[in-house]
Amino acid sequence: MTSEKINAAAAGTWRLGDLTVNRLGFGTMRLTGSGAFHQGTPSDRDRSLGVLRRAVELGVNHIDTAAFYFSSLRSANELVNSALAPYPDDLVIVTKVGPGRDPSGEWLPWARPEQLRGQVEENLRQLGRDHLDVVNLRTHGRHSIAEHFGALAALREAGLVRHLGVSDVDPEQLAEAQTIAPVVCVQNRYALDTRSEVGDDVLRICGEQGIAFVPFFAIAGEGGRKGADGTHEAEVLDIARAHDASPAQIRLAWTLHRGPHVLAIPGTGDPEHLVENVAAGAISLSDDELARLA
């Protein structure tokens, strides 16, 4: 497939509340440097800006970011603002709050409920917005999230946030959040080699309730923030060869085949990898291939 024909719309669409997005999106975590969270070498700014603009050219209208995505020289939110503002009308920017880092990059204690407004306002300032399209509450352990989610619900009522989501939750936490305010998406770790019974349950519940399920580390799997380690099981390699695709593309295709409500937000600072990731949205896996990957 030539790059002129590659478009994120090939993966289909889903709605985050009243916002329609292509199911193949883009995550900004890897835009700031060779390693996530202050590890490695800061990115080339012009190249990172070019990747963001190219993503939008390829039909990406769902960008996942956060104020705590930064390296010693680069801020993901600043890159998004500089590359894409004034923002296209159909572009949906999703942020997350809960974690925080000080200017040196050290992790801060998890935000208390009363600190979430400051985190939301920090994202607003960095992105140059008067409201945030979607804010995910990133949880910190298996405990009640009512007070934290309630604080975000108050910001939604105040007009600073349009829609709310949750991240790294189990079914009980998702249900608790839903008693407070509508949840339009769940962002959990989920990949071909990092599945769990709880993860499958949350994916199923989201499908039954029409909630977007947005896996992170869908390509990296066990590699997590360090990225994919280059090892792929034989079935992935065989199916990749059959489709003239890369193993990473097959992992993304598998992710999208988990249900029409499943979105993908692969991140990269490499323009060629960006094109490959978006092209994965057009890969159709057969029932036999999906069974082999089960």
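Contact here means that heavy atoms lie within 4.5 Å. The model is a predicted one, in which local features need pLDDT of at least 70 and side-chain atom pairs count only at pLDDT 80 or more, while totals for chains, interfaces and linings use all residues. Residues are numbered from 1 along each chain as its sequence is written, and side-chain values use heavy atoms, with hydrogens and water left out.

**Exercise 1.** Among contacts between residues at least 6 apart in sequence, work out what share joins residues at least 24 apart.

*Solution.* Begin with the set of contacts in the protein between residues at least 6 apart in sequence. Within that set, 75% join residues at least 24 apart.

**Exercise 2.** Find which residues have the most contacts inside the largest nonpolar core.

*Solution.* A nonpolar core is a set of buried Ala, Val, Leu, Ile, Met, Phe, Trp, Tyr and Cys residues joined through side-chain atoms within 4.5 Å, and buried means under 20% relative accessible area, exposed over 50%, and partly exposed in between (1.4 Å probe, protein chains only). The largest such core has 73 residues, and those with the most contacts inside it are Val120, Leu152, Val166, Leu174, Val186 and Ile250. Helix H8 (residues 247-256) gives the largest share of this core, five residues. Leaving aside neighbours within four places in sequence, the partners of Val120 include Val97, Leu132 and Leu152.

**Exercise 3.** Locate Asp168 and Asp244, and decide for each whether the residue is buried, partly exposed or exposed.

*Solution.* Most residues other than glycine have a negative phi. Asp168, however, has a positive phi of about 60 degrees; this residue lies in the loop between strand E7 (161-167) and helix H5 (171-178), and with a relative accessible area of 25% Asp168 is partly exposed. Asp244 has a positive phi of about 50 degrees and sits in the loop between helix H7 (234-242) and H8, where its relative accessibility of 76% makes Asp244 exposed.

Note on methods
Helices (H or I, at least four residues) and strands (E, at least two) are DSSP runs, numbered from the N terminus.
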